[in-house]
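Reader: I have a model open on my screen and would like to learn how to read it. Could you walk me through it?

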Amino acid sequence: NKPEPLKVMISGAPASGKGTQCQLITKKYGLVHIAAGDLLRAEISSGSEMGKQAKEYMEKGQLVPNEIVVMMVKERLSQPDSQENGWLLDGYPRSLSQATALQEFGFQPDIFILLEVPEDNLVERVVGRRLDPVTGRIYHLKYSPPETEEIASRLTQRFDDTEEKVKLRLQTHHQNVESVLSMFEGVTVKVNGNVSKEEVFAQIDSALTQLLEQKQATLGSM
Ligand code: AP5
């Protein structure tokens, strides 16, 4: 018998390293990575009316209304691959109402990971971030530079990755983080995100391994 697949939420301030850790987690654990921000950016790229509306809020560093976000995330979580392989939800929920909505649909995480990084470092991380449109990999000009000239020449920047906009995103984060945390107190694991990405992953890896062992043990005793 196989234990139930892992259900993981990862949260933290803008640029705290959620996306970077999700790439490492999916590689090892095979979970389906569902990032609210990525779903919204895909909607913007599609040119849809919903994407246009979402972009107005993202430009201001504000939360996109629940009417757009909640269904988008719920749909993705309900897909067979997420149900079979387990899921890794990144950047959702960001408010109490988003957390409650998901609970009402029956989605409960086994673990809620919170990445902690001092505010001073977040602005530097945002301004130096670059993305590879071909592989989807996340780089940083100083902390995670591209491996080759070819990659370096094709890197792009996100429209909300400016110092001014990240300050607005941080404000929104501070307004909501406590209420979201209060919903997941029993399953929250705080991780020091202010060390190298490998060291951050080591902390997460150990928490997830422990969780899998517990699931296996519970199954064995049934
Ligand atoms: P979203 O795309 O989720 O952005 P965010 O939360 O601001 O987070 P980021 O993607 O900026 O950062 P990250 O934590 O993934 O960091 P990364 O790994 O890239 O949301 C964007 C917008 O969409 C929101 O503002 C909102 O408007 C809207 N939205 C999204 N979700 C929503 C929701 N649920 N409801 C309503 N609206 C929503 O790392 C950052 C940089 O640091 C990279 O360059 C990386 O290389 C570097 N780095 C990573 N780890 C380390 C390390 N350990 N040491 C040094 N550098 C590191």
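Reader: What volume does the second largest pocket have?

Author: A word on the source: this is a predicted model, where local features need pLDDT of at least 70, side-chain atom pairs count only at pLDDT 80 or more, and totals for chains, interfaces and linings use all residues. Residues are numbered from 1 along each chain as its sequence is written, and side-chain values use heavy atoms, with hydrogens and water left out.

A pocket is an open set of points on a 1 Å grid over the protein atoms alone, where a 1.4 Å probe fits and protein lies on both sides within 12 Å along at least five of seven lines. Points are joined across faces, edges and corners, and the volume is the space filled by probe spheres set on them. Here the second largest pocket comes to about 210 Å³.

Reader: Which residues lie closest to the centre of the second largest pocket?

Author: Lining residues have an atom within 4 Å of a point. There are 14 of them, and L114, L115, E116, H173 and V177 are the closest to the centre. Helices (H or I, at least four residues) and strands (E, at least two) are DSSP runs numbered from the N terminus. With six residues, α9 gives the most to this lining.

Reader: How many aromatic pairs are there?

Author: Rings of Phe, Tyr and Trp (its six-membered ring) pair if their centres lie within 6.5 Å; planes under 30 degrees apart are stacked, over 60 edge-to-face, and the rest tilted. That rule gives two aromatic pairs. W87 and F107 are edge-to-face because their planes stand at 75°, with the ring centres 6.5 Å apart. W87 belongs to strand β3 (residues 87–90), while F107 is in the loop between α6 (96–104) and β4 (111–116), 20 residues apart.

F112 and F184 are stacked, 4.8 Å centre to centre with 5° between the planes. F112 lies in β4 and F184 in the loop between α9 (163–183) and β7 (188–192), so this pair ties together parts 72 residues apart in sequence.

Reader: Is F112 buried or exposed?

Author: Buried means under 20% relative accessible area, exposed over 50%, and partly exposed in between (1.4 Å probe, protein chains only). F112 has 1% relative accessibility, so it counts as buried. F184 is buried too, at 5%.

Reader: Where does K55 lie?

Author: A charge sits over a ring if NZ of Lys or CZ of Arg is within 6 Å of the ring centre and within 35 degrees of the ring normal. K55 lies over the face of F159, 4.7 Å from the ring centre.
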